[in-house]
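Please read the following report alongside the sequence and the coordinates. It goes from the assembly down to single residues.

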2 protein chains.
Amino acid sequence: MASGEDKLIARFFKPLATHPGALALNDDAAIFEPPAGHELVLTTDALVAGVHFFPDDPADAIARKALRMNLSDLAAKGAKPLGFLMTLALPSDIAEAWLEKFSDGLWADAKEFNFPLFGGDTTRTPGPVTISIFALGSVPHDKMIKRSGAKPGDRILVTGTIGDAALGLAIRKQPDFAQTWKLDPVSSNHLVARYLLPQPRVRLVEALQAHASAAMDVSDGLAGDLAKLCHVSGVSAEVSAANVPLSPAAAKALGSNPRLMETILSGGDDYEIVFTMTPDDVPTFRARAAMADVAVTDIGGVVAGDDEPRFLDAAGGAMSLSRKSFSHF
Amino acid sequence: MASGEDKLIARFFKPLATHPGALALNDDAAIFEPPAGHELVLTTDALVAGVHFFPDDPADAIARKALRMNLSDLAAKGAKPLGFLMTLALPSDIAEAWLEKFSDGLWADAKEFNFPLFGGDTTRTPGPVTISIFALGSVPHDKMIKRSGAKPGDRILVTGTIGDAALGLAIRKQPDFAQTWKLDPVSSNHLVARYLLPQPRVRLVEALQAHASAAMDVSDGLAGDLAKLCHVSGVSAEVSAANVPLSPAAAKALGSNPRLMETILSGGDDYEIVFTMTPDDVPTFRARAAMADVAVTDIGGVVAGDDEPRFLDAAGGAMSLSRKSFSHF
């Protein structure tokens, strides 16, 4: 009786539906009791093979990236992950081995981030593999961190390092760049790995809730994303490009070619968090971030005005970025 | 500063984000306070051009069908619609006029069903238009109607009429069928319209909550869907094929070719609800359904056993259906 779709779901996805409200994927819908005194935070991202990932990327990494893009959005809002739903459009020639690896990747991250599958829909497509993740998180009442709360005088901080994924993508597309940029294999692999598998900053959720005035995840390039945050907050910003945190690998590449600063500041796929807080909040926040083992760096300050954020070079002059963010459009 | 994606969202989707928690689509996520004392019902469906709809179907009808498929799932669970998120993968040659019509369709149904847009993601695809809808609904605590509650002795009912969409799809694919089946244009158009635009039975939500022991939406064919409900409930069923409600158009087609009963019982896209309740509940339920102006029909009874539901012909013999449900796999 079971259709191909039913069998595929039973084999690859039922094991991920560990929450009782998922009803073992045996129903039309999942049932979910939101945590008392909390609000829900809802976000969604779609990934298309050939647009957001390479069709020959490892299927487990594709699955993990799909979840982590959404986990990063939740973390940037100060929200604890609750669970996800997924739609998956698959070409008819998809291999079972691919699905098995994909499901392994989902399983690994669902476990790591306590992020169970609530439901989904699987369908055929004459096009490329297309994955949509719909993520639910929760915040205590009125505690979601919006993009709109930045105030003049606030400091601007980012998590982790910026630009790795954009450089990693460039190497993934044209492996010669590793040599051009004088990178040893360890550095080159680091950048490619950062493109393949982002690190959502879920461990910072409570510290961000307590201290951040505004936040967003950096997915389309720091320059463009900070510009969006400033625009919605009705402020501007000054950032010292030299303060933007780089991995040793990205620093090496930049050393070989200073023009890569533009790729670093405007490339996509960082999945770090850019956020603002009053200078008084910074020391306590830094202590909490250190306890959570997440690097955070002060890159500049919020200023009054409605002009675009300025990225200043070593001489204090405003850099001119030919594009500020990455867009698939 | 705004990217192509930002402009597209501002123009076509921001007007749909009427709920304050959608933050006018200016943030990474939406914030949502679930109604007190209620549980959330979560469901998702994906539609791919060329698989779930014809690429040249009117874009507003495609949008409305995408929402209605999900509204039908919510209604079948006794859940009130709260809102939706959407991911949209678009080919690069998509026309603005298409997007405008698509957004008009979303708008019309978001308004009709009080079902606002909470957020989404828009991306390019080298493949066909692919739409994923994530729907949220709510039920009073412990009131979601599962597939698993059917008991021997319960009656089996369905809303509306069955088989129209499957016949409409056949005509959409091969217009000659209208003549073969001796259908006048009104009848033929009725069937095609039923394929294009399902009628989610949202008005039955409260009556179903109060009376149904089990329910699911009929999207992949009555025979196969009833079999799924029975399987999860651990019961079997006997249905009189003659009792399955048909529209005048479907009845005409069946009159011209009795073998169409199989298409009617096993075709997809009905988006009606099949549900069970004790015989004692039926009269009150019928009265409430009449007040909600939704036709409901008793088609048979739940019986003990774990064999497949039997569809009986006029002579009381079990019909043999070569396939019980529609699958894109």
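The sections below take up confidence, symmetry, the contact between the chains, the domains, a sheet and a few individual residues.

## Model and confidence

The structure is a predicted model, for which the scores are ipTM 0.93 and pTM 0.94. In chain A the mean pLDDT is 94, and 97% of the residues of that chain reach 70 or more.

## Symmetry of the two chains

Chain A is superposed on chain B by a rotation of 180 degrees with 0.0 Å of shift along its axis, and the RMSD of this superposition is 0.0 Å. The two copies are thus related as by a two-fold rotation axis. Among the residues of chain A, the closest to this rotation axis is A:Gly127, whose C-alpha atom lies at 2.1 Å.

## The contact between chains A and B

The contact between the chains draws 58 residues from chain A and 58 residues from chain B. On the side of chain A that touches chain B, the most is given by strand 2 of chain A (residues 38-48), which contributes nine residues.

## B:Glu39 at the chain boundary

In chain B, strand 2 (residues 38-48) includes B:Glu39. This residue counts as buried because it has 22 C-beta neighbours inside 10 Å, where 20 or more are required. Apart from neighbours within four places in sequence, the contacts of B:Glu39 include A:Ile31, A:Phe32 and A:Glu33 from chain A, while from chain B they include B:Ser138, B:Val139, B:His141 and B:Met144.

B:Glu39 and B:Ile162 are 123 residues apart along the chain, and their C-alpha atoms are separated by 31 Å.

## Domains of chain A

Chain A is divided into domain 1, covering 4-140, and domain 2, covering 147-312. The centres of these two domains of chain A, taken over C-alpha atoms, are separated by 26 Å.

Between the domains, 19 residues of domain 1 of chain A are in contact with 18 residues of domain 2 of chain A. On the side of domain 1 that touches domain 2, helix 2 (59-76) and strand 3 (80-90) of chain A each supply at least two residues, and the largest share, ten residues, comes from helix 2 of chain A. The residues of that side of domain 1 of chain A divide into ten nonpolar, two polar and seven charged.

## Strand 3 of chain B and its partners

Strand 3 of chain B (residues 80-90) is mostly covered, with eleven of its eleven residues buried. This strand runs antiparallel to strand 5 of chain B (residues 130-140), to which nine bridges join it, and in that pairing B:Lys80 has B:Ser138 of strand 5 as its bridge partner. With strand 4 of chain B (residues 117-124), strand 3 of chain B pairs in the parallel sense over seven bridges, and here the bridge partner of B:Phe84 is B:Leu117.

As a general point for inspecting such strands, side chains in a regular strand alternate between the two faces of the sheet.

## Positive phi angles in two loops

A:Ala24 is found in the loop between helix 1 (4-13) and strand 1 (30-32) of chain A. The phi angle of A:Ala24 is near 55 degrees, a positive value in a residue other than glycine. A:Ala24 is classed as partly exposed because 13 other C-beta atoms lie within 10 Å, whereas a residue counts as exposed at 12 or fewer.

In chain B, B:Asn114 occupies the loop between helix 3 (96-112) and strand 4. Although B:Asn114 is not a glycine, its phi is positive, at about 50 degrees. With 12 other C-beta atoms within 10 Å, B:Asn114 is exposed.

Definitions and conventions
Residues are numbered from 1 along each chain as its sequence is written. Chains are lettered from A and ligands numbered from 1 in the order in which they are written. This is a predicted model: local features need pLDDT of at least 70, side-chain atom pairs count only at pLDDT 80 or more; totals for chains, interfaces and linings use all residues. Copies are superposed by least squares on the C-alpha atoms of residues with pLDDT of at least 70 in both. Helices (H or I, at least four residues) and strands (E, at least two) are DSSP runs, numbered from the N terminus. Two residues are in contact if their C-beta atoms, placed from the backbone, lie within 7 Å. pLDDT is the predictor's confidence in each residue, from 0 to 100. Domain bounds come from an automatic or database domain assignment. Ala, Val, Leu, Ile, Met, Phe, Trp, Tyr, Cys and Pro count as nonpolar, Asp, Glu, Lys and Arg as charged, and the others, Gly among them, as polar. Two strands pair if DSSP finds at least two bridges between them.
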